[in-house]
Amino acid sequence: MKLQVAMDLLTVQDALELAGKVAEYVDIIELGTPLIKAAGLSAVTAVKAAHPDKIVFADMKTMDAGELEADIAFKAGADLVSVLGSADDSTIAGAVKAGQAHNKGIVVDLIGVTDKVTRAKEARALGAKFVEFHAGLDEQARPGYDLNGLLSAGEEARVPFSVAGGVNLRSIEAVQRAGADVAVAGGAIYSAADPALAAKELRAAII
């Protein structure tokens with residue numbers, strides 16, 4: 001299982017600083033949507049230039065103009081780009097077309113999708129490299145939120161998938177047990193007192 005760090009920061013400088021601390025322990029460096037909106041795709045270019053050996057994920061959360069937006073992100077240096085699962089099939093297919101042109105991948109993010117299992121299978125059939133079972137920060141903050149719902153859906157879908165939404169040292173074993181291909185850790189790393197140590201411990205917990 002790969003480890004992905006989600007950097008929900010707001011400046012290129014902060015992103016480069018965090019990436020520099022944790023890169024040796026992670027496989028995928030994700031530039032979160034707030035970072036891309038605040039700093040632009042120059043952030044993607046900067047992180048890829050600093051860490052050319054890492055998979056760089058631009059979390060665009062594209063909802064329309066799939067081929068165009070994915071093409072822009074790939075040209076900026078992204079290896080993976082996200083499209084929302086709630087987007088039209090043609091949007092996902094367009095993004096996949098751009099990915100094929102660049103020999104890179106599209107991740108379909110199921111945030112906000114009710115029937116995640118069905119949509120995961122459809123996204124995979126449309127050409128997604130993998131599907132992200134994702135609960136956003138707002139959903140995680142609601143009383144009673146439980147990561148197990150995402151893990152169960154991932155197991156049932158039987159497609160390559162990642163899990164994002166409260167992955168930490170306590171839950172990463174369950175994420176791996178569910179068969180996830182990628183564990184996405186955000187706050188567990190970037191909000192830690194020592195992000196490098198947090199990433200190292202998460203890496204060590206992956207069997």
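This is a predicted model: local features need pLDDT of at least 70, side-chain atom pairs count only at pLDDT 80 or more; totals for chains, interfaces and linings use all residues.

Residues are numbered from 1 along each chain as its sequence is written, and side-chain values use heavy atoms, with hydrogens and water left out.

The largest pocket holds about 370 Å³ of space. A pocket here is an open set of points on a 1 Å grid over the protein atoms alone, where a 1.4 Å probe fits, with protein on both sides within 12 Å along at least five of seven lines; lining residues have an atom within 4 Å of a point. Of its 25 lining residues, A6, D8, H134, L137 and Q140 are the closest to the centre. The largest share of that lining, three residues, is from α10; helices are DSSP runs of H or I, at least four residues, and strands are runs of E, at least two, numbered from the N terminus. By class, this lining has 11 nonpolar, nine polar and five charged residues.

The second largest pocket has about 160 Å³ of space. Its lining includes K2, D79, F130 and P160, and splits into six nonpolar, no polar and four charged residues.

Now the arginine. R158 sits in the loop between α8 (148-157) and β7 (161-164). Is R158 buried or exposed? R158 counts as exposed because its relative accessibility is 77%, and exposed means over 50% with a 1.4 Å probe, protein chains only.

Definitions and conventions. Grid points are joined across faces, edges and corners, and a volume is the space filled by probe spheres set on the points. Ala, Val, Leu, Ile, Met, Phe, Trp, Tyr, Cys and Pro count as nonpolar, Asp, Glu, Lys and Arg as charged, and the others, Gly among them, as polar. Buried means under 20% relative accessible area, exposed over 50%, partly exposed in between (1.4 Å probe, protein chains only).
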